[in-house]
Amino acid sequence: MPVRRLLTVLALAAAALVAAAPASAAPVAYGFETDAVGATPAGCVTPAGRAAAVVSADRAYEGSHSLKVDDQTSQAMTAITCSSASQSGADLAFAAFPEAANGFMVDILGTTTASSTPSPVFHLLVSADGSLSSYDGAWHQFAPAGSVPSTQWSQIEVAVPSNYAGAYVSVGGHFVGTGGKWGAITISGVTGFGFASTGTVPVGDRVYVDSVSFAAVPAMQTFENEPVGAVPTGCVTPSGKTPAVVSNQRAYNSTKSMLINDQSTSAIVQVVCDRPAQHGADLRFVAFPAALPNGFLIDINGTRRGIDGVSTIFHLAVTGAGGINWYDGGVWTPLALPGTVPMSAWSSFELAVPADQSAVYVSVNGTYVGEGGPQGVREATSITGYGFASNGTPTTGDTVFVDNIGFGGAGVMPPGAKGRFTVGAPVTIASASTIVQMPNTAVVVPHGTGQRVLVSYPAHADTSNSNGNEYAYSDDGGASWVDAQTSNPMPAEASYNMTRLGNGTLLAVNYHTYMVTGNLQATVDSAVSTDNGVTWTRRTGRMTAPQEMRQISSVTDRPGSPLGGFVLVHKVIENPDGTLLQSGYGYYKNDTKYRQIVLASSDGGLNWTVRATVAVDPALTTDGRYEGFCEGGFERAADGSLFMAMRIGGYLPMYYSRSTDNGATWSAAAPLENGNGFSTYSVFPSLVKVGPDSLVMLTGRPGLSLLVSSDGGRTWDRSVMADYQNSANGTLVALDNSHLLVFGDRGANWSSPTPSPYAVWSRQVSVS
């Protein structure tokens, strides 16, 4: 049974034994900011015969201090232990920066039935190659190389349930494996944690540790000793709201619960329960929807970078049909299907927020059902509590009982939550005080005995009259990036799309076209490189349309040159006969909504003609967000057909079409569904082939999500999130038959005040 499910079941089973526990105590937190540099941090000690790990100002994950475990002697390993009161199980969360040498060790300390003296009961090793192992008299690897990258910060969580079944480890919010106990021991309690270098004789181990949180498996608030009709202890009713109160009408396995009973058309029922600030959270409870015409809300609250005060970080709704939705600050997005939460029955919930606070993973009745993102795109800096509410002011009739509430330390992403994908941590490509955003093109080229990844991204606002872009490369699969602006093929354009053709030539095609008198043609700027993107030759050709175009925008980034009717997006596709196909969208003269087209070139991408209209329909929907078919990303499937996914508007379902004659004709556009049972949303779909028969799609808004199809796009696995806090525009490129790089941004489209710096990033993703 996966760790989060196991913890939920065990905690709920034990809840009846916990009398009126207010909510779990605040976790022990170590930020090292008030500790003196060079000293052992308060609350921790150096074990006898060991060298000291000390507070350092060399680097920090947050603030200016961290703990430095630095082994420079062959006489003793460097170690530190930090004690707590004995407890059943634990959640240890921390950030680590492995800088040098052999690796480092992580211990969970405890007592056993054989000894009341605290000692390591789980003994874990992070090796130099980033793999993880546990020790029981011999080392056993349980997570592969690369799980903990070197020379960068990683957020690590070690969760030990109250039955001590294992140490469940996640990195960057992603479950990586389970470590075993130190031998055939029977653990009676957990008493703390420790960090150490890898041994006595090896020297040179150096790791920095920061933002440490150590929490017990959360206790449960059962309301048994609280007066009926009162607001629960430790909670408040916000101003202007109706209180949720303790009730003896119904309870999970005792006599009392908390009642949310909305009988007012002027105020919702709401309760907010503040807790000391922490990184991540594990919120568990049981709920009985007695009547749910409208639904009920679940909030996890906290603080955000650059914004004062506490606000809602994760905003979830259980719908009247028993589905679960999440809110990103713009719209509600389905998370779990109707019927997930049964009516008139008790259901157990677990909301796991890892220490990086980028997502919430939801389980219902022991089954993982889906994930949601934060409300807004600003980074959460802490979690400070939770709340419940009825759904809407004018509506009435929502009646929900809530019981056995537990609020603990950082949660762990359930195993399998990302489906066939393993999503790595983001690596910054570039950051700036001025705008860099929306990486839209990347390509892989040979380099020495390996390969080089080239990427370009706009360095201007998302408007038709601004331009300028940046160019970078990576020779280590996205682990690090080098600015290469001097080799940028089109540094002054709004953006462009790169493709490596079958003969090895690189082709870059400008995003904008520029109208020629008569409106039947537009100029197309392109560039080619025969040395894998080091130098480029610029050139200008034309696209020819079968009927008059109208400008896609009345403003232009090139004064004196009005924009053409179409913009060109994504990489080109090469037909077997050498013809190149290019996706574009825009307007013919009488179009009122976008038209998605495919262009063809028989001269290597210099000149283009319209090969086909893929989709156009001004009356598809009356939704005010409808823009028409646009932003089509396409790829060749294993059977030789071409599959295209298209945007129709922000937060609207995507559509798809297929061509079996190399782009000459296309099937009628149809909604694109995925294995979640939901439509696929919503903007800038990018497609790439991975291995012989898999298509992978990246699409945005909300966030950036990944889907994979093994049958050429006819069916898709469920959508999973690659990243939430971005402008929802990104791209991806295949590194090999099982690895991708996904690209996105930070800072774009953020609310006031504008953050600094902006940034673009890459994440390595593996596909099983």
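Let's begin at F97. Setting aside its neighbours within four places in sequence, F97 is in contact with R59, T151, Q152, W153, R206, V207 and Y208. You'll find F97 in strand β7, which covers residues 90-100. Is F97 buried or exposed? Its relative accessibility is 8%, and buried means under 20%, so F97 counts as buried. One thing to keep in mind as you look around: this is a predicted model. F97 and S667 are 570 residues apart in sequence, and from C-alpha to C-alpha they are 51 Å apart in space.

Next, the cores. The largest nonpolar core has 48 residues. Which residues have the most contacts inside that core? They are F285, F349, L351 and F388. Click on L351 to see what that looks like. Leaving out neighbours within four places in sequence, L351 is in contact with A281, D282, L283, F285, I298, I300, L316, V360, Y361 and V362. Notice F285 in that list: F285 is also one of the residues with the most contacts inside the core. Apart from this core lies another one, made of 39 residues, including L67, C82, V160 and V207.

How many disulfides does a search of the whole structure find? It finds two. One of them joins C44 to C82, with 2.0 Å from S to S. This pair links distant parts of the chain: C44 is in strand β2 (residues 44-45), C82 is in strand β6 (residues 78-87), and the two are 38 residues apart. Both C44 and C82 are buried.

C235 sits in the loop between β17 (220-221) and β18 (245-247), while C273 belongs to strand β20 (residues 270-278), so the pair ties together parts that are 38 residues apart in sequence. Here the torsion about the S-S bond is about 100°, so the C235 and C273 disulfide is right-handed. As for accessibility, C235 is buried with a relative accessible area of 10%, and C273 is buried with 1%. If you number the bonded cysteines of the protein in sequence order, the pairing reads 1-2, 3-4. While you're on cysteines, check C630: at 1% relative accessibility, C630 counts as buried.

Now for some empty space. Rolling a probe the size of a water molecule over the atoms shows where empty space is left. The second largest pocket has a volume of about 940 Å³. Of the 43 residues that line this pocket, the closest to its centre are G146, S147, G424, A425 and Q764. Which elements give two or more residues to the lining? They are β14 (174-179), β31 (421-423), β54 (739-746) and β55 (758-767). The largest share comes from β55, with five residues. Sort the lining by type and you get 19 nonpolar, 20 polar and four charged residues.

Last stop: the backbone. Where would you look for cis peptide bonds? One runs from Y681 to S682, with omega near -20°. S682 is in the loop between β48 (670-671) and β49 (683-690). The peptide bond from R701 to P702 is cis as well, with omega near 5°, and P702 is found in the loop between β50 (694-700) and β51 (704-709).

Then have a look at some phi angles. S344 has a positive phi of about 55° although it is not a glycine. S344 lies in the loop between β25 (332-336) and β26 (347-353), and S344 is partly exposed, with a relative accessible area of 46%. M438 isn't a glycine either, yet M438 has a positive phi of about 45°. At 9% relative accessibility, M438 counts as buried.

Notes:
Residues numbered from 1 in each chain as written. Predicted model: local features only at pLDDT ≥ 70, side-chain atom pairs only at ≥ 80, totals over all residues. Heavy atoms only, no water. Disulfide = S-S within 2.5 Å. Helix = DSSP H or I, 4+ residues; strand = E, 2+ residues; numbered from the N terminus. Buried < 20%, exposed > 50% of the residue type's maximum accessible area, 1.4 Å probe, protein only. 1 Å grid on protein atoms, 1.4 Å probe; cavity = no way out; pocket = protein on both sides within 12 Å on 5 of 7 lines; lining within 4 Å. Points joined across faces, edges and corners; volume = space filled by probe spheres on them. Nonpolar A, V, L, I, M, F, W, Y, C, P; charged D, E, K, R; others polar. Core = buried A, V, L, I, M, F, W, Y, C linked by side-chain atoms within 4.5 Å. Contact = heavy atoms within 4.5 Å.
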